[in-house]
Amino acid sequence: MGTFELASAPDNLSRAWRWIRSNPDRAYKGYFRRLYRDYAFADTALLADLHDRLRRELYEPAHSCKLHFPKPSGVLRPYTLLTVEDQIAYQAMVNIVAEKLFPKVRSRYLVECFGHLYAGKTGIWFYRKWQDCYRLFNKATRKAVTDGFRYAARFDLTAFYDSLDHGVLQHFLEKIGCDRDFCKRLTRWLSYWTATNKRIYHNHGIPQGPLSSGLLSEVVLQHFDRNHGSPKNVRYLRYVDDIRLFGKSEKELRRMLGKLDLLSKDVGLFPQTSKIDIHIVNNIEEELKTISPAWHAIWDEDDRSVDQKHLRSHLIKVTPRFRVTDPTQFKFLLGRARPSAKLKYPSGQPQGGAATTKPSRAAGFWVVE
């Protein structure tokens, strides 16, 4: 049976639909909750129809809806919304990719690679819990410094999702055992989903937002894991496209950075040179963009819900004088906060029933440093 036939099989489509509904990314699911509910009313019939159209080669992907969010630099980050049916078809294809990739990368899970880890065919979720993976990534980073690897460097790729060439992706998909017909179909669908709102089609990029894209990116990123060849006096740790290097000398780190640069040129990608900085680690906590402490403080382990009281106190704590010193932690907390007057007014209540003249957190007076 060909790879595409495996992807379009009824059991795989049902699995794809299950994983889409269990996607822990509430921000992305928030755009589709009503559509997911409507699809679920007749999902048996709708999945059977999708299977039939895939089998008869009548399925055609719809164009995506693009949202653009500003980064601190002013550059816009694209966010791609796919139809529910396209999400299922995309996920079904990537399910097969995940099964073929997993045996080749599992030995590096939680040793060198910590992001977008496949949970397996029987898992409730498609990925292993990112909170656990990120915590272990930070733990491995701390251990490297404790073990005497005091020199640190970061290697990050520029616009990785947007720049990923479809020819390069097809090359690696074929390497892991996907047949050419499967690869051509998937890259053709990607050209629809990465086209601009003006219907300008590209031969590069994967959509940011859908659950499937993280695993698909790993098909190319594992090129760095397999070929970095770091010596014993250099530690290599990767979380998605963020690679951290720790060494016992600056010379070894420079050599490793040169090797990673050559590997990125192999796949048509480019490092963010502004982020490459070899330095001695004096405070490991400052080295990490960790959000784990905030997560533990606001998460109720008994009913798996967010403790809003603790969340609000942490929001205030990480914004002294209304200045944001850790944008990652701030955005993480704010995205899970319910609307509350206690966030709007610094003291929790307006004075004398009148509006306070102090800066208002909810009104956008936070300053990101």
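A pocket is an open set of grid points where a 1.4 Å probe fits, with protein on both sides within 12 Å along at least five of seven lines. The exercises below apply to a predicted model.

**Exercise 1.** Describe the second largest pocket by its volume and by the residues that line it.

*Solution.* Begin with the volume, which is about 200 Å³ for the second largest pocket. Turn next to the lining, which is made up of 16 residues, with Lys 66, Pro 78, Asp 162, Thr 194 and His 202 lying nearest the centre of the pocket. Then ask which elements supply the lining: β1 (65-70), β2 (76-81) and α8 (160-163) each give at least two residues to it.

**Exercise 2.** Determine which residues of helix α9 are buried, what covers them, and how the N-terminal end of the helix is capped.

*Solution.* In α9, which spans residues 166-175, the buried residues are His 166, Val 168, Leu 169, Gln 170, Phe 172 and Leu 173. The cover over these buried residues includes α6 (84-105), α10 (180-193) and α11 (212-227). At the N-terminal end, the cap is Asp 165, which places a side-chain oxygen 2.8 Å from the backbone nitrogen of Gly 167. After the helix comes Gly 177, with a positive phi near 110 degrees.

**Exercise 3.** Decide whether Asp 156 is buried or exposed, and list its surroundings.

*Solution.* First locate Asp 156, which belongs to strand β3 (residues 151-156). Its relative accessibility is 7%, and because buried means under 20%, Asp 156 counts as buried. The side chain of Asp 156 makes a polar contact of 3.4 Å with that of Arg 154. Leaving aside residues up to four places away in sequence, Asp 156 touches Asp 241, Asp 242, Phe 270, Pro 271, Gln 272 and Lys 275.

**Exercise 4.** Work out how strand β5 is enclosed and which strands pair with it.

*Solution.* Count the buried residues first: six of the six residues of β5 (residues 242-247) are buried, so the strand is largely enclosed by the rest of the structure. In a regular strand, side chains alternate between the two faces of the sheet. Accordingly, look at directions: Asp 242, Arg 244 and Phe 246 point one way from β5, while Ile 243, Leu 245 and Gly 247 point the other way. Now take the partners in turn. β3 runs antiparallel to β5 and is joined to it by six bridges, with Ala 152 having Phe 246 as its bridge partner. Strand β4 (residues 234-239) is likewise antiparallel to β5 and joined by six bridges, and here Leu 237 stands opposite Arg 244. β4 and β5 form a hairpin with two residues between them, and Val 240 in the turn has a positive phi of about 60 degrees.

Notes
Residues numbered from 1 in each chain as written. Predicted model: local features only at pLDDT ≥ 70, side-chain atom pairs only at ≥ 80, totals over all residues. Heavy atoms only, no water. 1 Å grid on protein atoms, 1.4 Å probe; cavity = no way out; pocket = protein on both sides within 12 Å on 5 of 7 lines; lining within 4 Å. Points joined across faces, edges and corners; volume = space filled by probe spheres on them. Helix = DSSP H or I, 4+ residues; strand = E, 2+ residues; numbered from the N terminus. Buried < 20%, exposed > 50% of the residue type's maximum accessible area, 1.4 Å probe, protein only. Contact = heavy atoms within 4.5 Å. Polar contact = N/O pair within 3.5 Å; in protein donor to acceptor, adjacent residues only side chain to side chain. Pairing = 2+ DSSP bridges.
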